[in-house]
Amino acid sequence: MEEPVQTPEAGTADVAARGGIAAVFSRHRRAWLIAVGALVFVLLGSGAVFAGTQTGETAPAAASAVATPTPTPSPTPTVDPARPVPAQATTASRLRTCSVAGLAADTRLADFQAQVVNANTGEVLFDRGGTTSSRTASVMKVLTSAAALNVLGSDYRATTRVVKGAEPGQVVLVGGGDLTLSRLPTGQEPFYTGAAHLDDLATQTMVAWAADPANPPITSLVLDSSYFSGPDWDEGWARTELGLGYMPEITALMVDGDRDDPTRSTSARSEDPIARAGQAFADALGGGLTISQATAPAGSAQLGAVQSAPVSTLVQQSLIVSDNTIAEMLARLLAIENGAGSSFSALQAGIVNGLAAYGIDTTGMIIKDGSGLSPHNAVSPAYLTALFVKVNAREGNLGVLFDGLPIAGGPRGSLSYSDRFAGANSAAAGAVFAKTGWIDTGYTLAGVIRAADGTPLTFAIYAISNAAIGNVSSNAKIAIDTLATGFFQCGDNLSNN
């Protein structure tokens, strides 16, 4: 279908009319919309009211027009389960920045273990295998000394006696475990300062013997060394130590630690210390006596007695130059005193029980001797750092032990030697109080450091050889001293990293 043809006149008028209407509609569009909306509302509302009337319902129209939402129930408050609370509050640890990691990585330290503790707070500042028990070398003497000071006390003295024998003209020399008794004449000082002298005992014996006119001349001497039971040599010790002069056979009767030279620390020892002591006493009695070994008769009259220096002196003599003889003497005496026994096999119980009073866990500790010469001893660095906290505080009799420790750069002792704390490590001279240790398979050092910042540190360092590394060499001492000097310089700022 075609659209109609429009003339111009007619089209103009029509357009004008439509334009006016459009304009009016445009101007009143909103009003129209509002009006229409109102009309629809009225109609809907009326219908709703009408419907409600027909069904008998009387709900208000306004309520029908606007729906009321269903109230949302308020949520029931819930309580979060209580967070677990530590049984003991954790103390924040300060950030420490002084690292000795490079020094600790020195290959000369071989199989390395160490621990450092702030002695004031008990905080572990540095630890490398600190809880693992390993061989201590002569640092074992610290444990022996601590146990002896607890069990025997600082005033205990070992006694050597002479009693009448079972036969006429017979006397018995009874060893009481004093391995420092000297054969040098009174007035001549042996290596062990303050030691008892055999000639003093001989004089007492002859005076007491002569006091009874019924006694015939002394013609025989019996030697009683039964206070210690065998064996006399630990299975872990190299027999070469005897000839090198570092260790005697351990018997309850001997003189001068059985040294060939009573005045020297290191001197060859004999194969029979009891015979050496017996011959020296027979000579002091005038000589010409027959000599035998047996046990003294029970209840025999005493003819004379001499005593060793007190334990306080013996401990310091043992520690300062690392004397093996005194350490074994103390170990055996304390084991006897606390009922553990009188042999090497008694030392485990004797020393461990002797340390119990200090309240430090001894789990894993293995003790084969009192001197540390055995490679089978095993003590953790952590035990030593804990014990040295008490030594530093001079608890009980432990001040005696502290006073016997060698001092780096000191006037005497095993840390005064030219190869210890030399060169740059002399910075710690006078500040390191520690026991040295050395056997073929390890070097050790443990004690107390008065750090540069004033902090007292307790420490233990082990340089141990193993199958993979081989035997540690003597230059481990330099690496140990260098690390200890690092501890000294770091003080309480020592980092475990």
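Predicted model: local features only at pLDDT ≥ 70, side-chain atom pairs only at ≥ 80, totals over all residues.
1. Start with the helix pair. Helix 5 spans residues 140–151, and helix 9 spans residues 311–320. They pack at an angle of about 175 degrees. Their axes lie 10 Å apart. Angles over 145 degrees count as roughly antiparallel, so helix 5 and helix 9 are roughly antiparallel to each other.

2. Now look at the residues that meet. Helix 5 brings K141, V142, S145 and L149. Helix 9 brings V311, V315, S318 and L319. By class, this contact has five nonpolar residues, two polar ones and one charged one.

3. Move on to T436. This residue sits in strand 8, which runs over residues 432–439. Is T436 buried or exposed? Its relative accessibility is 8%. Buried means under 20%, so T436 counts as buried.

4. T436 has side-chain partners. A polar contact of 2.8 Å links its side chain to that of S414. Another polar contact, of 3.4 Å, links the side chains of T436 and K435.

5. Which residues touch T436, once neighbours within four places in sequence are set aside? They are S138, V139, S414, L415, R420, T444 and L445.

6. Finish with T290. This residue belongs to strand 6, residues 290–293. Leaving aside neighbours within four places in sequence, T290 is in contact with T219, S220 and L221. T290 and I218 are 72 residues apart along the chain. Their C-alpha atoms are separated by 9.8 Å.

Methods
Residues numbered from 1 in each chain as written. Heavy atoms only, no water. Axes fitted to C-alpha atoms, helices over the stretch in contact; angles between N-to-C directions. Helix = DSSP H or I, 4+ residues; strand = E, 2+ residues; numbered from the N terminus. Parallel < 35°, antiparallel > 145°, perpendicular 65-115°, else oblique. Contact = heavy atoms within 4.5 Å. Nonpolar A, V, L, I, M, F, W, Y, C, P; charged D, E, K, R; others polar. Buried < 20%, exposed > 50% of the residue type's maximum accessible area, 1.4 Å probe, protein only. Polar contact = N/O pair within 3.5 Å; in protein donor to acceptor, adjacent residues only side chain to side chain.
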